Amino acid sequence: MSVKVKDRHISKQHCLYKARDLMGYILVLTRPREFDKDGKQICKPGLLGEGQPLQAFGVDIIKCGKGIHACCYEASKINLKDKDTLTRRNDYHNKAIEYCDSIFRQIDLCIFQYARNSNKKRRSFEHLARLTKITKEAIQDRKNRDKLIFEHRYVQTKSFRRGR
């Protein structure tokens, strides 16, 4: 089954797009309260935007989200040429997966500490967990595709050389 030419860039950048979606939702959750010049409130704060303990979780989750995006971005810039480039790309993807696992642990603690009695908070944290899971699956899928692409190219090159 082949990928259409117009959709090839999407499949290559899929995990980066998912990391951007995740980071966008994290920024919504950690948005602080904003006021205009007259002192009127412009927008409501996110769930992790007010209160010292929640802001501490928000900062950690932002760091992890930024790490996921940075790792996916750097990995997408590497072209697969040889074993070394595959290893470097996998290293970036492994770091991004570690950041995803860190977000899962922090969400679990946030739900346990602050969202047991609030359905709104629990649903927001569950949505963040869903987005993190989708991002992690996209990264894992990209790793598997890279491995298959590299093995397929390597087998073709190796068998071609033997035929000479």
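The largest cavity is lined by Ser11, His14, Cys15, Ala138, Asp141, Arg142 and Arg145 (a cavity being a set of points, on a 1 Å grid over the protein atoms alone, where a 1.4 Å probe fits but cannot get out, with lining residues having an atom within 4 Å of a point). The model is predicted, so to speak of local features pLDDT of at least 70 is needed, side-chain atom pairs count only at pLDDT 80 or more, and totals for chains, interfaces and linings use all residues. Residues are numbered from 1 along each chain as its sequence is written, and side-chain values use heavy atoms, with hydrogens and water left out.

The structure holds 1 cavity of 30 Å³ or more, and the volume of the largest is about 30 Å³. Helix 1 (8-29) and helix 4 (119-163) each supply at least two of its lining residues (helices are DSSP runs of H or I, at least four residues, numbered from the N terminus). Helix 4 gives the largest share, 4 residues. By class, the lining has 2 nonpolar, 2 polar and 3 charged residues.

Turning to helix packing, the axes of helix 2 (residues 52-77) and helix 3 (residues 83-114) come within 8 Å and cross at roughly 160 degrees. Helix 2 is therefore roughly antiparallel to helix 3 (angles over 145 degrees). Their contact comprises 17 nonpolar, 6 polar and 4 charged residues.

The ring centres of Phe57 and Tyr114 lie 6.0 Å apart with planes at 75 degrees, so the pair is edge-to-face (centres within 6.5 Å, planes over 60 degrees apart). Phe57 in helix 2 and Tyr114 in helix 3 are 57 residues apart, and the pair thus links distant parts of the chain.

Methods:
Axes fitted to C-alpha atoms, helices over the stretch in contact; angles between N-to-C directions. Parallel < 35°, antiparallel > 145°, perpendicular 65-115°, else oblique. Nonpolar A, V, L, I, M, F, W, Y, C, P; charged D, E, K, R; others polar. 1 Å grid on protein atoms, 1.4 Å probe; cavity = no way out; pocket = protein on both sides within 12 Å on 5 of 7 lines; lining within 4 Å. Points joined across faces, edges and corners; volume = space filled by probe spheres on them. Phe/Tyr/Trp six-rings, centres within 6.5 Å; stacked < 30°, edge-to-face > 60°.
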